[in-house]
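Please look over the sequence and structure below with this briefing at hand.

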Amino acid sequence: MRTQVAAPAILIGHSLGGAAVLAAAHRIAEARAVVTIAAPFDPAHIAGLFGDRVEDIKSKGEVEVTLAGQPFRVRLALLDDIAEQKIAARIAELRKPLLVFHSPTDETVGIDNASRIFTTAKHPKSFISLADANHLLRRSSDAAYVAHVIAAWAERYLEMPTTQLAAAAEPGEVVVRETRHGTFQQDITAGTHHFLADEPTAAGGLDSGPGPYDLLLAALGACTSMTLRLYADRKQLPLGRTRVRLRHSRIYAADCAECETKDGMLDRIERVISFEGELDAETRKRLLEIADKCPVHRTLTSEIDIRTSEEAGQDAAR
């Protein structure tokens with residue numbers, strides 16, 4: 001990561017990964033904070049998670065073990081590495097902010113592990129109890145909660161790079177600027193909002209943000225939902241919530257009977273809308289008609305004049 005993108009600024013480890021980031025944090029000077037989720041404290045306890053398979057690992061070199069109902073391939077090198085780690089000393093000398101997540105009902109790694117990690121660590125440190133969560137956070141709500149808390153907590157320790165802050169946007173303007181992290185990553189500023197765009201790893205990107213067509217679909221979906229909400233509220237319709245699913249593809253023009261173009265390829269956007277609430281068939285039909293009237297839909301289906309020019313001045317060159 002240090003060579004290709006940047007050294008990790010925050011280390012997050014779940015279960016055995018939690019023990020791993022605690023052991024490795026001292027080797028990554030750039031790491032500013034550490035997060036553990038359901039992590040074991042004692043290396044002996046870590047090996048104990050493999051139960052009676054330890055001897056098989058030692059004799060065969062690699063076997064499949066089951067942790068919390070999930071299969072994992074474990075090699076002898078892992079056991080050897082675990083035996084060499086002095087986790088308590090690493091935690092005591094961490095010198096980085098630490099956030100500990102653990103469920104009091106974790107049957108794979110007991111809550112006492114979190115207590116020992118937290119007690120051994122020096123401040124700044126924080127503990128979050130994951131009530132009723134299991135070891136692997138199988139409920140999506142538990143995983144989302146952990147992600148949201150980490151994002152809020154880490155904001156105190158992670159600073160926005162100055163190269164990103166330079167791409168300020170005027171009201172009504174969107175500024176897109178290369179980060180030069182990876183091949184495709186872009187820094188986007190829209191008013192007071194800031195986010196990344198990228199391509200999937202399969203396409204050579206870092207998958208650090210939505211792709212251009214993802215953003216296009218998101219714009220259409222958001223506009224569709226907003227337009228429907230305004231209409232429903234104005235007409236006092238019992239519309240509980242709207243959900244819009246969108247997908248972009250390329251099709252042969254000949255396969256589109258209602259399209260004017262008959263040669264070559266066409267872009268197709270499939271938009272599927274679901275409505276919550278006690279709505280009759282006629283009302284649902286009218287809502288679908290209103291969806292086609294959202295401003296972004298009209299923009300995409302009308303003639304668009306896009307003018308491209310080079311920005312003048314030294315600021316653009318920098």
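Buried here means under 20% relative accessible area, exposed over 50% and partly exposed in between, with a 1.4 Å probe and protein chains only. This is a predicted model, in which local features need pLDDT of at least 70 and side-chain atom pairs count only at pLDDT 80 or more, while totals for chains, interfaces and linings use all residues. Residues are numbered from 1 along each chain as its sequence is written, and side-chain values use heavy atoms, with hydrogens and water left out.

- Leaving aside residues up to four places away in sequence, Leu22 touches Val34, Thr36, Arg90, Ile91, Leu98 and Ile117, a contact being heavy atoms within 4.5 Å.

**Second largest pocket**
- The second largest pocket has a volume of about 430 Å³, a pocket being an open set of points on a 1 Å grid over the protein atoms alone, where a 1.4 Å probe fits, with protein on both sides within 12 Å along at least five of seven lines; the volume is the space filled by probe spheres set on the points, which are joined across faces, edges and corners.
- It is lined by 14 residues, each with an atom within 4 Å of a point, and the closest to its centre are Leu220, Ile269, His297, Leu300 and Thr301.
- Strand 11 gives the most to the lining of the second largest pocket, with four residues.

**Backbone details**
- The peptide bond from His123 to Pro124 is cis, with omega near 5 degrees, and Pro124 sits in the loop between helix 6 (111–120) and strand 6 (125–129).
- Asp132, in the loop between strand 6 and helix 7 (140–154), has a positive phi near 70 degrees although it is a residue other than glycine, and Asp132 counts as exposed because its relative accessibility is 59%.
- Asp207, also not a glycine, has a positive phi of about 55 degrees.

Note on methods
Helices (H or I, at least four residues) and strands (E, at least two) are DSSP runs, numbered from the N terminus.
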